[in-house]
Amino acid sequence: MIEGSLLRRWTFYYIPLIVFVLVLLFPFYWMVITSFRPDGELYRPWNAPNYNPFWTSFPTIEHFTYLFEETDFGQWMMNTMFIATTATLISLFCGVLAGYALARLNFPWAGSLGTVIFITYLVPQTLLFIPLAEIIRDFKLGDTPWSLILTYPTFLIPFCTWLMMGYFKAIPKELEECARIDGASRWKAMVYIIIPCAVPGILSAGIIAFTLSWNEFIYALVFLSSPEQKTVPVGVTSELIRGDVFFWGSLMAGALLGSVPVAIVYSFFVEHYVSGLTGSVKG
Amino acid sequence: MADTKRRSVIKLAGSAAAVASTGMAGILASGRTPAYAQQKTVHWLRWVDFVPASDALLKKELIPQAEKELGMKITLETVNGNDLQPRTTAAIQSGTGPDIIMAFNNYTYIYQNSVVDVSDVALEIDKNEGGIYKYCKSFCSDGKMYMSVPWVVPGGMVAYRKSWFAEEGANKFPDTWDEYRALGKKLKAKGRPIGQTLGHTFGDAPGFTYPLMWSFGGKEVEADGKTVAINSKETLESVKFMTAFWKEAHDEGGLAWDDTNNNRAFLSGTISSTLNGASIYIETLRKPDQYKTEKGTPMKDDILHSPLPKGPAGQFGFHLMQSDMLMKYSKNQDAAKQFLRWIHAEKNYEKWFVSQKGYGTPCTAKWESHPIWNADPVLAPFKVAARLGQAPGYAGLPNGKAAEALSKYIVTDMYAKAVQGMAPEDSVKWAESELKKIYSA
Amino acid sequence: MTVTAVPGVAEARRPVPRLRALEDERWLAMVLLAPTAILLGLFIAYPFAEGVYLALSSAVVGDPGHFVGLKNFYKIWNDSIFRTAVWNTFWYTGVTTVFKLALGLWLAMLLNRHFKGKALVRAFILLPFIIPTVLSTFAWKWMFDPTFSVINWTLFHLGFITQRINWLGDPDLAMTSIIVVNIWRGVPFFAISLLAGLQTISPELNEAAAIDGARPWNRFWYITWPLLLPVTMVVMLFSVIQTFADFQLVYVMTGGGPANATHLFATYAYQIGIGTGLLSQGAAISLAMFPFLFLIVVVQLLYIRRVETR
């Protein structure tokens with residue numbers, strides 16, 4: 001508790017907290033409000049009189065209908081869901097196995113392999129996107145969701161591995177040894193005993209991987225071209241910034257809807273997300 | 001994988017005529033429908049038209065009509081103009097993408113190695129329509145072959161508020177830059193500045209900066225196409241002028257504007273004049289009740305157009321050139337050419353041209369006599385845009401090097417830097433060194 | 001990398017011999033690590049090598065070009081825009097990291113108390129970090145719009161300004177704007193991670209110190225901060241890498257403008273490589289990131305190791 005008077009509590013504690021929350025959340029409020037305001041209200045200059053930008057008296061869903069009727073937004077949502085989910089599953093698969101190997105198995109180069117995987121995490125997508133475009137072309141994956149499904153794991157796997165290593169390390173060795181004494185093979189022990197213990201970790205890694213996939217932009221921008229293949233971030237950027245017709249309403253509507261799946265997944269698993277994030281940092 | 005299977009089926013089905021049994025066996029074995037039921041497809045990538053009515057016409061009328069008449073599936077995709085270049089590069093790099101891609105200006109030279117020779121289509125148009133303007137030809141053809149089929153020239157003129165200019169005593173658009181500057185000063189003092197973008201946008205920024213430079217006598221290279229000539233007294237004069245002109249008369253937010261900001265600013269009454277295509281005016285025609293002046297009258301009645309003012313060396317205009325490239329990686333080249341011929345057929349092109357309402361000037365002389373130019377006097381100045389334009393790379397050719405300089409916004413940045421505080425001499429020197437890097441490579 | 005044809009070998013020796021092979025830790029490790037190794041090898045190691053080759057060639061779009069050695073690097077070093085981008089990236093990374101750390105720490109300490117609705121608040125404040133960067137950056141871009149900015153509206157009506165603030169049109173303000181948005185996005189990440197770190201510090205330490213008469217600032221500096229250092233360093237490492245290689249935020253907000261004032265490595269590489277089609281130069285710009293990144297990472301890793309072994 002903060003010692004001191006009510007005034008002290010308010011100035012040092014409540015007010016800063018409120019300011020933080022307001023600043024962090026205001027853009028989302030702005031997104032929501034803009035999505036529902038009609039064009040006439042939206043485009044009034046900042047110093048026009050009699051103008052309250054923070055609320056609308058004439059909410060409209062015209063921007064949302066525009067989004068779905070005139071663009072492939074629905075398709076983009078499906079694409080992004082598909083890509084994110086598949087990439088997450090692949091990354092989890094690889095990450096769990098690799099994490100187990102690095103955390104619980106004894107073999108030469110274990111340490112350096114861990115370091116190598118970590119190093120690959122440090123190679124940013126913006127470094128690789130130009131040569132990767134060539135490689136994607138050589139594999140004939142250009143303009144297909146697979147170009148992303150196979151490349152997203154490059155930044156998801158290191159993270160998942162690292163996270164899972166932390167969780168696996170925390171499981172006592174005795175569990176495995178008991179199982180093996182009872183006759184289970186190492187493989188069986190891993191699959192039936194250890195991995196189930198790490199389910200919270202797997203859940204955390206999966207959720208974070210899912211949000212990271214949804215957040216990826218440059219690969220999607222460069223590898224995909226047809227409108228029906230695009231992901232939500234790329235689609236919103238390229239097809240709602242248009243000519244001279246005002247589209248901010250739909251843009252915000254698109255941004256809002258595009259954020260919803262991630263927000264929903266996150267809201268169901270907040271605890272897992274947070275523990276995953278902090279686990280990776282502490283681990 | 002699906003592609004190779006389909007191709008082998010087509011091959012097999014193709015030889016069905018010669019060896020029926022193998023063909024049929026092949027088709028049956030692959031379990032796919034025979035080749036002749038396969039539709040030809042053409043994917044056309046264009047910018048999002050600043051005249052929405054034209055895009056609507058294409059999507060709802062012309063394309064379905066073409067599909068029916070030509071028996072092929074045609075996909076029209078539109079993207080933001082600034083994204084066309086990255087899209088094109090990405091498509092070429094990944095070896096797959098739209099069959100026909102729209103190119104701006106002389107970007108055709110940048111993609112020279114990746115396009116198909118379309119001289120056959122272009123020369124037909126040249127013959128049937130009384131000749132393609134030299135201006136357009138210089139962008140689309142390198143002298144040996146046509147890299148793209150000219151489409152249209154969206155002209156750039158200054159759109160201005162008639163009443164506001166009249167209030168300051170100008171009953172017609174100023175003739176010279178100095179007059180324009182004096183007028184702009186008065187307007188800005190009343191909160192009605194001139195609006196101009198100096199950002200990295202393909203249309204309005206080069207459309208202003210290149211003619212500005214030329215009208216003062218500046219140029220990028222000499223006629224030999226090699227010697228960089230931008231660091232001259234004339235260019236320096238133009239930069240000095242622009243720096244003062246900007247502060248005195250312009251909305252200084254213009255540094256961050258793209259091609260749409262000036263439209264919105266004009267339509268919401270925060271600027272009094274701007275270089276633009278006809279889209280501002282056309283928008284006011286589209287929604288006369290939404291766009292009103294501060295007095296409550298329809299804004300469409302308060303807009304006039306004029307070419308950029310004269311400078312000491314003359315009066316110039318640089319108008320956006322749009323043409324269509326047929327990409328080498330395309331697997332539907334014949335169908336694409338067929339479609340290009342179809343869309344350029346007079347009766348089809350005319351429909352599109354009319355929907356533009358004068359925003360776009362076609363590339364051949366024949367269309368100058370079209371009645372639409374007489375329908376609305378406000379749009380009359382746009383008629384001769386394609387005829388009078390001058391191409392970047394002057395006084396050399398608008399070739400790949402000029403295209404590179406254009407796509408790097410060197411000339412525009414020269415002005416932008418000066419306006420932001422760099423000494424004019426330094427910004428001109430900077431432009432010179434950048435151009436030298438390109439022209440000496 | 002250690003992957004060989006192990007999976008194939010393991011497959012060939014079904015079924016009991018296979019299991020026996022998997023008993024051997026080394027074989028099992030190889031099998032388990034195989035998928036990871038393949039994916040990372042194919043889509044990171046191989047492109048990295050390709051990128052190096054590309055940067056040493058004269059490739060442009062549609063033309064693979066030929067080997068030219070270090071010419072591209074020489075070219076970009078002489079490119080004033082590239083030098084601006086280098087400076088911008090360091091400045092951007094430095095300033096945002098300092099602020100994210102400071103504000104994140106402050107927020108973490110505020111959250112480290114019990115109050116009603118704490119769980120809710122904690123969940124909500126992570127939103128800026130969760131929501132796809134591109135989408136939230138659009139909201140900010142709209143908030144900074146030259147003509148319709150709500151921030152300008154508020155400041156105007158509160159009497160703070162009479163002239164419009166040109167958030168995205170003035171080069172310095174544009175840089176400030178992207179820094180602000182980056183900080184906005186990153187503070188929650190720092191806050192939550194540091195909060196977790198704070199929660200592992202037993203409150204008795206602070207209480208004991210308070211009883212001994214230590215003042216709040218000293219308590220923080222001598223007790224809390226050192227114990228928090230390991231977590232802080234790791235968080236900073238992640239954040240620095242992400243920020244240094246940032247693309248999305250700048251691309252959406254300013255596209256690198258106005259007049260190239262806000263370019264970073266990544267956005268400039270994109271403009272040159274994909275926009276103008278000069279692939280080899282674009283690759284060179286991207287690759288130029290690597291030595292700096294490597295250095296920063298190595299320094300931080302060494303520091304972390306030192307802190308952990310203290």
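Predicted model: local features only at pLDDT ≥ 70, side-chain atom pairs only at ≥ 80, totals over all residues.
How many residues of chain C are in contact with chain B, and how many of chain B with chain C? I looked: 21 residues of chain C meet 31 residues of chain B, where contact is when two C-beta atoms, placed from the backbone, lie within 7 Å. On chain C's side, helix 10 (171–199) and helix 14 (265–275) each give at least two residues. I sorted that side by class and got 8 nonpolar, 11 polar and 2 charged. My classes: Ala, Val, Leu, Ile, Met, Phe, Trp, Tyr, Cys and Pro are nonpolar, Asp, Glu, Lys and Arg are charged, and the others, Gly among them, are polar.

Residues are numbered from 1 along each chain as its sequence is written, and chains are lettered from A and ligands numbered from 1 in the order written.

Next I checked chain A against chain C: 75 residues of chain A touch 77 of chain C. Helix 1 (residues 6–36) of chain A brings the largest share of chain A's side, 12 residues. That side holds 56 nonpolar, 16 polar and 3 charged residues.

Then I turned to a sheet in chain B. Its 6 strands form an open sheet, ordered 2-1-3-9-4-10, with mixed pairing. Helices (H or I, at least four residues) and strands (E, at least two) are DSSP runs, numbered from the N terminus; strands pair if DSSP finds at least two bridges between them. Strand 2 (72–79) and strand 10 (360–361) of chain B have a single partner strand each, so one side of each lacks a neighbour in the sheet. I followed strand 10 of chain B to strand 4 (residues 149–154) of chain B: they run antiparallel, joined by 2 bridges. There, B:Val153 sits opposite B:Thr361.
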